[in-house]
Amino acid sequence: MGCGVKTIWLCLLLAVTARAETNAVAPAVRVAEPAPRFELSDLAGKTVKLADCPSQAVIVCFFLSGDRPSERVMRPLATLQSEHATNDLAVFGIALDSGPASALQAKLTEWAVKFPVLRFNMEVVEGFGGISAVPTTFVIDQNRNIIQRYVGFVDVQQLKTDLKVIWRR
């Protein structure tokens with residue numbers, strides 16, 4: 001049985017292809033981090049806890065009231081929250097502002113934000129892995145795991161896609 005040049009090349013090609021496939025790097029598996037179990041005060045001084053929404057998906061947005069990109073995220077979040085006013089979604093804003101609550105409330109009224117806005121503390125900021133830019137938005141599933149972190153502007157359509165993934169589980 002003769003072995004021609006074409007057959008040798010074919011065997012070499014198959015061997016190289018098989019070796020490349022076995023050496024291929026598998027895509028990285030990302031394990032969701034648990035969200036910090038925060039307990040913060042809203043602008044009226046009432047304590048709000050993550051534990052208050054046990055079976056809901058949660059969106060948390062760290063923002064500054066004088067920041068244009070923060071406004072571009074907070075306004076659509078207000079709409080998203082009102083669209084899902086049932087028990088399947090909770091939205092929280094965490095204000096990084098240090099000014100008076102009245103100034104922050106005026107901005108939130110202008111933005112039509114009706115979801116709870118909380119005052120930050122460093123323990124919570126560090127619990128979320130630190131905030132390097134505003135806005136920074138987190139999507140948290142019903143098991144209290146952070147499934148997405150968006151630094152800077154995030155389109156509300158992307159958040160809706162994330163929520164659909166959570167609600168399909």
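Helices here (H or I, at least four residues) and strands (E, at least two) are DSSP runs, numbered from the N terminus. The model is a predicted one, so to speak of local features we need pLDDT of at least 70, while side-chain atom pairs count only at pLDDT 80 or more, and totals for chains, interfaces and linings use all residues. Residues are numbered from 1 along each chain as its sequence is written, and side-chain values use heavy atoms, with hydrogens and water left out.

**View 1. Thr137 sits in strand β7.** Thr137 is buried, at a relative accessible area of 0%; buried means under 20%, exposed over 50%, and partly exposed in between, using a 1.4 Å probe and protein chains only. Skip the neighbours within four places in sequence, and Thr137 is in contact with Ile59, Val60, Cys61, Val73, Gln148, Arg149, Tyr150, Val154 and Leu159. Contact here is heavy atoms within 4.5 Å.

**View 2. Val73, one of the contacts of Thr137, lies in helix α2.** Val73 counts as buried, with 1% relative accessibility. Leaving out residues up to four places away in sequence, Val73 touches Cys61, Pro135, Thr137, Phe153 and Val154. Take Pro135 from that list: Val73 and Pro135 are 62 residues apart along the chain, yet their C-alpha atoms are separated by 7.4 Å.

**View 3. Helix α2 covers residues 68–83.** Its 16 residues, at 1.5 Å a residue, should span 22 Å, and the end C-alpha atoms are 23 Å apart, which agrees. The expected span is 1.5 Å times one less than the number of residues. Buried in α2 are Ser70, Glu71, Val73, Met74, Leu77, Ala78 and Leu80. Those buried residues pack against quite a list of elements: β4 (57–63), β5 (89–95), α3 (101–110), β6 (117–119), β7 (136–140) and α5 (156–168).

**View 4. Helix α5 has its buried residues on one face.** The buried ones are Val156, Leu159, Asp162, Leu163 and Ile166. Seen down the helix axis, they fall within an arc of 115 degrees, so they line one face of α5; the arc is that of the directions from the helix axis to the C-beta atoms. On the other side of α5, Lys164 and Arg168 are exposed. The cover over the buried residues includes β4, α2, β5, β7 and β8 (145–151).

**View 5. Asp155 makes a polar contact at the start of α5.** A side-chain oxygen of Asp155 comes to within 2.9 Å of the backbone nitrogen of Gln157. A polar contact is a pair of N or O atoms within 3.5 Å; within protein, one must be able to donate a hydrogen and the other to accept it, and residues adjacent in sequence count only if both atoms are side-chain atoms.

**View 6. Helices α2 and α5 pack against each other.** Two packed helices are described by the angle between their axes and the distance between the axes. For α2 and α5, the angle is about 35 degrees and the axes are 10 Å apart. Axes are lines fitted to C-alpha atoms, for helices over the stretch in contact, and angles run from 0 to 180 degrees between N-to-C directions. The crossing is right-handed, that is, the near helix is turned clockwise from the far one by less than a right angle. Pro76, Leu77, Leu80 and Glu83 from α2 meet Val156, Leu159, Lys160 and Leu163 from α5.

**View 7. Val134 and Pro135 are joined by a cis peptide bond.** Omega is about -10 degrees here, and Pro135 belongs to the loop between α4 (122–127) and β7. Most residues other than glycine have a negative phi, and most peptide bonds are trans.

**View 8. Ala112 and Arg144 have positive phi without being glycine.** Phi of Ala112 is near 65 degrees, in the loop between α3 and β6. Arg144, at about 70 degrees, is in the loop between β7 and β8. Ala112 is partly exposed at 44% relative accessibility, whereas Arg144 is buried at 6%.
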